[in-house]
Amino acid sequence: MSRRRIPVVLVTGFLGSGKTTLLNHLLANRHGARVGVVVNDFGSVNVDALAVAGQVDTMVSLGNGCLCCAVDASGLDAMLGRLSRPESGIDVIVVEASGIAEPRDLLRLMIASEDPDIRYGGLAEVVDAAEFESSRARHPELTEHLRIADLVILNKADRVDPDALAKVRGVVEEFAPGVPLLVTDHGRVDPQLFFEPRPRERYGQLSFDDLRGDEDHSQHLHAQYDSVTFTAERPLSPRRFLEFLEQRPPGLYRVKGQLDLGSADARSRFGLHTVGAFVQLDRSAWPTGPRRTELVLIGAGIDRAAVLRRLEDCVADDSVPDERGLLRILRYLDEPVADD
Ligand SMILES: Nc1nc2c(ncn2[C@@H]2O[C@H](COP(=O)(O)OP(=O)(O)OP(=O)(O)O)[C@@H](O)[C@H]2O)c(=O)[nH]1
């Protein structure tokens, strides 16, 4: 049985770019998902925490200090550990870093985490479309942040005219080539980019959130990103699929699903989660019935036909399992690999 891991989404971005606004939007449009929040409320004025306090399911405040000051993963791990306990029933954890947190440190902390209940859910960098150029002049490191982002949210689009928006977009794309980019105002992204809605059946009393309902039922947020479904009845070549993952199509943000890599092993149903360059595999036994690869690929500005063509090319030519190719892809397996 593969373990259910809770995705941890890191929201970074320069001071005032709109991180809290994005977080509040996600919380107000959870579609039943339970969201755990880690807020880095440095300083004496706990503005961020106050802004979200009324809405979160579980609030863990990092207290008076910058998250990036933690030198090892222990502080964050403890927070995430509390949120990811099965009894918390949390579906996704969002870590909102303050404008002064260093995204690279945050990412390192996250990747180093040995918590078996969580998985990396991506780093979303919020960029203020109106202030980006002036902030960049004062803080050149902003462009470094773009390089490690899995998703760029170009926010405050309402504050700039189309020409200025196109210009800033061009600069961002220069520093984050191939990284999916969403243009938003007030952080209004489709939450399904980060987490799945929960099935609606509920027991017991309705919560306040259920009664209040989600804020934004509009369909237009779906138009921000593309989703491609791929299925194959024949096994994929592990080698070619690995190449696909390692040279992923521009704009691709997430891939999830199950893979048939032709292995004869009893536990050869590979569950796949990727966010940006981060790849995680787990394996389990196939249920009875035909085996097949089923993938959902999510991104912004992806060439759907080209993606499907590349995946078709991953289908193995023959039915002989490629054991060596399989070994290469197994390094992404989220469990200790036996030596034999
Ligand atoms: N016009 C406009 N204002 C926005 C938008 N997004 C956020 N704001 C405003 O910008 C200000 C800063 O937004 P926050 O969400 O607090 O930004 P933040 O990144 O969390 O800020 P820090 O925590 O200080 O780093 C607030 O007054 C928001 O209401 C937007 O898309 N358009």
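Tutor: Helices (H or I, at least four residues) and strands (E, at least two) are DSSP runs, numbered from the N terminus. Before going further, keep in mind that this is a predicted model: local features need pLDDT of at least 70, side-chain atom pairs count only at pLDDT 80 or more, and totals for chains, interfaces and linings use all residues. Residues are numbered from 1 along each chain as its sequence is written.

The phi of Lys156 is near 65°, a positive value in a residue other than glycine. Is Lys156 buried or exposed? Lys156 counts as buried because it has 23 C-beta neighbours inside 10 Å. The rule is that a residue is buried if 20 or more other C-beta atoms lie within 10 Å of its own, exposed if 12 or fewer, and partly exposed in between, with C-beta atoms placed from the backbone.

Now hop to Thr20, which belongs to helix α1 (residues 19–28). Thr20 and Lys156 are 136 residues apart along the chain, yet 13 Å separates their C-alpha atoms. Thr20 counts as buried too, because 21 C-beta neighbours lie inside 10 Å.

But His186 is partly exposed, because it has 14 other C-beta atoms within 10 Å.

Not counting residues up to four places away in sequence, Ile153 touches Leu22, Ala124, Glu125, Val126, Val127, Leu182, Thr184, Gly187 and Val189. Here two residues are in contact if their C-beta atoms, placed from the backbone, lie within 7 Å. Across the protein, 79% of the contacts with a separation of 6 or more join residues 24 or more positions apart.

Ile153 also leads us to the largest nonpolar core, which has 72 residues. A nonpolar core is a set of buried Ala, Val, Leu, Ile, Met, Phe, Trp, Tyr and Cys residues joined through C-beta atoms within 7 Å. Those with the most contacts inside this core are Val8, Leu10, Val11, Ile93, Val94, Val152 and Ile153. Strand β5 gives the largest share of this core, 6 residues. Domain 1 (6–194 + 202–212) and domain 2 (225–332) both supply residues, so the core lies between them. Those bounds come from an automatic or database domain assignment.

So what does the contact between the domains look like? Domain 1 puts in 12 residues and domain 2 puts in 14 residues. On the domain 1 side, β5 (118–128) and β7 (181–183) each supply at least two residues, and β5 brings the largest share, 4 residues.
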